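I open this notebook to record what I looked up in the structure shown below. The entries follow the order of my reading.

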Amino acid sequence: MKRVENLRLTALSLIRFVKPSFVPAAIAACVIVTGGVLFSAQNEQNFQIRLKNSVETELDLVATRLGAEVRGSMSALRGLVNSLSVEPFMERAVFERIATKILVQNSQISRISAAPGGVVSMSFPATSGKAPGTDLTRFSSLRAVTDRARQKAKPVIDGPVRLPSGERGFTVYYPVFTMRSGEPVFWGFVEAAIAERPFYRNAGLGGERKASEAALHGIEGGDGIRLAIRDASLADHVQDAFFGDGALFDQSPVLRSLALPGGTWQLGALPKDGWAQAPDNGDTIRLIILLAVLVVVLPIVLTGNLISERQRNLARLRVRDEELLSLSRRLDMALNASRIGIWEIDLATQKRSWDNRMLDLHGLAPDNPHPTFEAWRASVHPADMRSASLSLLRTLDDGEEYRSQYRVLRADGSVRHIRTVGSVYRCADGGERMTGIAWDVTDDVSLTEELLSAKALADARNAELERTRDQIVHNALHDPLTGLGNRRMLDMKLAELGGDTGLSNVAILHIDLDRFKQINDTLGHAAGDAMLVHAAGILGANVRKGDIVARIGGDEFVLVVTDAPNKTYLAALSERIIGRMRQPVDYNGFPCRFGVSIGIAVARDTPVEASRLLVNADIALYRAKESGRNRHEFFTEFLQAEVIRNKRIADDILEGIEKDQFVVWYQPQFDATTLTLAGVEALIRWQHPRDGLLTPDRFLPIAEELNVTATLDRIVLEKALADDRRWQADGIVIPKISVNVSARRLSDATLLHALDGLQIAPGKIAFELVESIFLDESDDRVTANIAAIKRRGIDIEIDDFGTGHTSIVSLLKIKPKRLKIDRQLVAPILGSKKQQGLIRSIIDIGRSLGVETVAEGVESFAHAEMLGLFGCDLLQGYAFARPLSPEDLARFAGQEALKLAS
């Protein structure tokens, strides 16, 4: 782009230079160029004529040489033809002597054959000649040639052809006639082979067949011709070129016809460089034309430009005078409008020259344009006199630029601020003067003072905003109640500690307050807040400098121990915190007690991500709470493996629900008096694809955490009803089916709607409610659902009775159908009078309330007999049958039950 711009500017300058004389210069140049072009065209035409004449001359020479060479070969063969005409039965020795002479004298002839009647009888030399007995007319192409020679009684040259020696050449068929009874009679042919290379060489065309260029002499600027030869014996069937490039005949060559025995050759020639050549003097002529243009045009251009330049200079001078006058007017107007004064000091005489504005700025009378130094000094404020004088003296001594600002006392008592600048210059006469300007900056000074005052106020406000921002940041990173860092601050600190690699040599204590909810519920949130502040104080008092304490939840804290000591120190720290937290705290006269559970996770040499370490501490805290609370627990690989195992089981449970892997087994229940089948308890099993059939203790705790126990209860109920329909279809009658119902299922708002969609016969299904549901504390929804369930003909059974908290009042409230005595109470009755009395009491309570009793865990018939004597209604246990699959239960109910009863 820069180069293009330079070229454009250069072109514009050139145009401006030649513009005044452009017309006359252009006319002169056109006349000279036109004459030169006409002369150059005539020179080109003359050169083409000379070039063509030279090519024709050279081509005539080549044609003459070729004709002479062919005629020489025919003359040499004519002697042998004449001898054969006289002596048709020539002996071989005579033939070979004559042929040898011909071959020696004519190097282009490579062999000679005698063919009486067209059949070769003799050939020389024998090694390269045609074999005796060869019929020259056996091929149609050869027969056409020999017939033409016989009919015309003249020799015919054919070719070029491939000779037996492998070379290319021409074949001559010379007809021989003998006189018989005064009449010529055809005898046969003399056949001769002319080698191509010697033939061309003797004709002056070089030794190679492709040598299509011959020396060209006598042509100005030329150095040869290109030659091509083709057979044109038949006007309507011109053959391809056998010498040179056949394409030459399409380039307007010079043509010559060469008449040969029995045919015609056509020769074509072009200059070596073609017709599109330029004469050697073309560049000289063009140079002469260019020089003529320059000699004539250049003086015209220079003269016109000088005249134009003089006119432009005069015009510029007039414009400058006008501009200077206009500028002077504008400057005067600007100085008047801006109240800028102009001053000057002659350094030799110390004479001052001031304009009226300068005098007005300093409060001096306008009638004295040359005030003295004392008059100027009297107008300057005394406090500024020293600095103003020093600035002036420094300029005079050092030649620096003069800059000064000072105050002027006016006669009316007002103060004006004057700013002045100036510099020293040398006059035309060699003297030195200092000139400058001065203007009133009072408004600027006032504005500056106001700005400084505003800046001071802004700085004060910025400081206040900075304090406010710091407070906002502190509030964003800290808990407002305890003053400890919050979760956001904890994440930031852990990120700083871990950097890009992760945490190392750091311990995290995840702390959770035990029984904190009870304090909130009983004494209110204010008491809970007081406990949180108390806990924060304990934690802050038990950490080292550099450790981090944060509150991350309602009653959860995290303590980060940097440069973590050994496990013993962390355990002691945890026990110290637990001990301090265990001490009662007085709140408004009420002693508050709470405990604390701590989970500890440590990152040693191997870096661990902060989020992973927090999760590990949370896992350890969960184990501490699970193990009884008010204790600490370290995270171990075993805990992690357990978490991973529980996670896998949880994933498998969800997948098992989706893939219908949960099945129902049944344990029979028998009448204690008749020992007949009185019902079954439906028990869930998991047909695990990898671990096989799993009992509830393997997966129910995790299912409760997943909140899918209600779903499993629904699956058991639906499958139990489906199995019962199949049993009835097979003629097997199961009096009742007991199904376990979890607390979540019992409090489900959609339970009744789901039951309405099932076909449940009255008395067929019994819901077993675990006594640990706390029936005494059940909410209104649970109570309402139990009542609605009973109205739908579903019995209620209390499972594991004797191990929970059910009271007689709750039994009266719920009115269950049956009480199921827990196996822990049944097992020891054979050897314990107290246990027997306890069982009798439970059975008596049931009878008095009209509630049947079911004993589970009956392991022997001795147990069955004693329970029957006590008045128990139903028995269930391994003494009768283990849990069975639906198919096994069907077989058991149909066969083995009768055997057992008998």
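**Entry one: a helix pair.** I found that helix α15 (residues 610–626) and helix α16 (residues 637–658) pack with their axes 10 Å apart, at an angle of about 90 degrees. I therefore recorded α15 as roughly perpendicular to α16 (65 to 115 degrees). Ile619, Ala620 and Arg623 of α15 make the contact with Phe638, Leu639, Glu642 and Val643 of α16 (heavy atoms within 4.5 Å). I sorted the residues of this contact into 5 nonpolar, no polar and 2 charged.

**Entry two: basis.** I note that the model is predicted, that local features need pLDDT of at least 70, and that side-chain atom pairs count only at pLDDT 80 or more, while totals for chains, interfaces and linings use all residues. Residues are numbered from 1 along each chain as its sequence is written, and side-chain values use heavy atoms, without hydrogens and water.

I looked up strand β7 (residues 225–231) and found 5 of its 7 residues buried (under 20% relative accessible area, 1.4 Å probe, protein chains only). β7 pairs with strand β10 (residues 263–271) in the antiparallel sense over 7 bridges (at least two bridges are needed for a pair). Ile225 stands opposite Pro271 in β10. I also found 2 bridges from β7 to strand β8 (residues 241–243), again antiparallel; Ile229 has Phe243 of β8 as its bridge partner.

I noted a cis peptide bond between Phe124 and Pro125, with omega about -5 degrees. Pro125 lies in the loop between β2 (122–124) and α4 (140–152).

Methods:
Buried < 20%, exposed > 50% of the residue type's maximum accessible area, 1.4 Å probe, protein only. Helix = DSSP H or I, 4+ residues; strand = E, 2+ residues; numbered from the N terminus. Axes fitted to C-alpha atoms, helices over the stretch in contact; angles between N-to-C directions. Parallel < 35°, antiparallel > 145°, perpendicular 65-115°, else oblique. Nonpolar A, V, L, I, M, F, W, Y, C, P; charged D, E, K, R; others polar.
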